[in-house]
Amino acid sequence: MTAAVVAGLLAGYGIAIPVGAVGAYLVALTARTGWRTGAGAALGVATADGLYALLAVLGGSALVPLLAPVMAPLRWASAYGLVALAVRAAWTALRAYRAGGLAAGGDGEHPMTPLRAYLAFLGITVLNPMTVIYFAALILATGPEGPATPPARTAFVLAALVASASWQLLLATGGALLGKGLTGPKGRLVTALVSSALIAGLAIHLVS
């Protein structure tokens with residue numbers, strides 16, 4: 001059981017720590033909206049990682065061939081969603097700045113609530129088929145020593161979920177601290193535009 005927990009923690013941190021487009025957007029969103037919304041987004045990412053860890057222990061090796069034909073469409077869908085979010089964030093920032101200041105919510109008539117952030121980031125992360133392949137590869141690499149019993153598999157999945165959640169919440173906390181330092185309208189505007197450009201660039205890199 002201990003081995004499964006350790007393996008799950010390592011797997012969760014392994015997939016979570018490399019900060020890509022989703023991580024960059026998580027930090028930027030939290031800086032604009034506050035820690036509660038960022039925490040909702042962080043838990044959405046962690047939930048997706050936990051779901052993929054569960055799929056991997058239930059039959060990751062069988063899922064990999066099934067995912068292969070739809071890898072490209074899923075990658076394009078993920079990139080499209082991230083670019084759309086980046087454009088929306090930049091447009092909202094410009095509109096709010098011209099109106100007299102960048103609002104904390106940053107989403108005009110539809111503020112980004114913690115629930116909306118959770119669902120948005122869950123959807124973005126689920127669209128990444130590389131996550132299930134990553135977890136499946138780990139399961140296959142461990143061979144007979146991998147989590148084979150239901151308790152061990154449960155421990156592995158929960159540990160991966162906790163690891164991912166702890167890292168994503170750390171990113172959200174960093175975004176919240178960044179937001180506190182950006183008290184001026186110009187600082188918030190520049191940060192929103194730079195983060196949007198970074199997110200769009202990372203998203204395009206997914207399909208390049």
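# Notebook: an all-helix predicted model

I began at a side chain in α5. A polar atom of the threonine 125 side chain sits 2.8 Å from the backbone oxygen of phenylalanine 121. The model is a predicted one, and I read every value below with that in mind.

**Threonine 125.** I placed threonine 125 in helix α5. I then looked up its cover. Its relative accessible area is 8%, under the 20% limit, so threonine 125 counts as buried. Which residues does threonine 125 touch, not counting those up to four places away in sequence? I found Val22, Val45, Ala48, Asp49 and Tyr52.

**Helix α5.** I checked the length next. Helix α5 covers residues 114–126, which makes 13 residues. At 1.5 Å a residue they should span 18 Å, and the end C-alpha atoms are 18 Å apart, so the two agree. I listed the buried residues of α5: Ala117, Phe121, Leu122, Ile124 and Thr125. Down the axis of α5 these buried residues fall within an arc of 165°, so they line one face of the helix. On the other side of α5 I noted Leu115 and Leu119 as exposed. I kept one rule at hand: an α-helix has 3.6 residues a turn, so residues three or four places apart point the same way.

**Whole protein.** I stepped back for the totals. The protein has 8 helices and 0 strands. From the N terminus the order of elements reads α-α-α-α-α-α-α-α. I counted 208 residues, with 41% of them buried. For contacts between residues at least 6 apart in sequence, 87% join residues at least 24 apart. The accessible surface is about 10200 Å², and carbon and sulfur atoms hold 75% of that surface.

**Cores.** Which residues make up the largest nonpolar core? I wrote down 12 residues: Tyr25, Leu26, Leu29, Ala41, Ala42, Val45, Leu85, Met112, Ala117, Phe121, Ile124 and Leu171. Helices α2 (21–33), α3 (35–67) and α5 each supply at least two residues of this core. Another core lies apart from it and has 6 residues, including Ala53, Val57, Val157 and Ala160.

**Helix α2.** I ran the length check again on α2. Its 13 residues should span 18 Å at 1.5 Å a residue, and its end C-alpha atoms are 18 Å apart, which agrees. I found α2 mostly covered, with 11 of its 13 residues buried. Among the buried residues of α2 are Tyr25, Leu26 and Leu29, which I had already listed in the largest core. Thr30, Arg32 and Thr33 are also among the buried residues of α2. Just after α2, glycine 34 has a positive phi of about 110°.

**Threonine 37.** Threonine 37 belongs to helix α3. I read a relative accessible area of 6%, so threonine 37 is buried. How far apart are the C-alpha atoms of threonine 37 and proline 114? The separation is 4.0 Å, although the two are 77 residues apart along the chain. Leaving aside neighbours within four places in sequence, threonine 37 is in contact with Leu29, Met112, Thr113, Pro114 and Ala117. Leu29, Met112 and Ala117 are also in the largest core.

**Serine 164.** I moved on to helix α7 (residues 150–181), where serine 164 is found. Its relative accessible area is 0%, and serine 164 is buried. The serine 164 side chain makes a polar contact of 2.6 Å with the side chain of aspartate 49. Not counting residues up to four places away in sequence, serine 164 touches Gly12, Ala16, Val45, Ala46 and Asp49.

**Helix α1.** Gly12 and Ala16 took me to α1. Helix α1 (residues 2–16) has 15 residues and reaches 21 Å between its first and last C-alpha, close to the 21 Å expected. Ala4, Gly8, Ala11, Gly12 and Ala16 are buried in α1. Seen down the axis of α1 they fall within an arc of 120°, so they line one face of the helix. I found Thr2, Ala3 and Leu10 exposed on the other side of α1.

**Valine 83.** My last stop was valine 83, in helix α4 (residues 71–98). Is valine 83 buried or partly exposed? At 27% relative accessibility, valine 83 counts as partly exposed. Valine 83 and alanine 200 are 4.9 Å apart in space, C-alpha to C-alpha, and 117 residues apart in sequence.

Notes
Residues are numbered from 1 along each chain as its sequence is written. This is a predicted model: local features need pLDDT of at least 70, side-chain atom pairs count only at pLDDT 80 or more; totals for chains, interfaces and linings use all residues. Side-chain values use heavy atoms; hydrogens and water are left out. Helices (H or I, at least four residues) and strands (E, at least two) are DSSP runs, numbered from the N terminus. The expected span of a helix is 1.5 Å times one less than its number of residues. Buried means under 20% relative accessible area, exposed over 50%, partly exposed in between (1.4 Å probe, protein chains only). The arc is that of the directions from the helix axis to the C-beta atoms. A nonpolar core is a set of buried Ala, Val, Leu, Ile, Met, Phe, Trp, Tyr and Cys residues joined through side-chain atoms within 4.5 Å. A polar contact is a pair of N or O atoms within 3.5 Å; within protein, one must be able to donate a hydrogen and the other to accept it, and residues adjacent in sequence count only if both atoms are side-chain atoms. Contact means heavy atoms within 4.5 Å. Accessible areas come from the Shrake-Rupley method with a 1.4 Å probe; for residues, only the protein chains shown count as cover.
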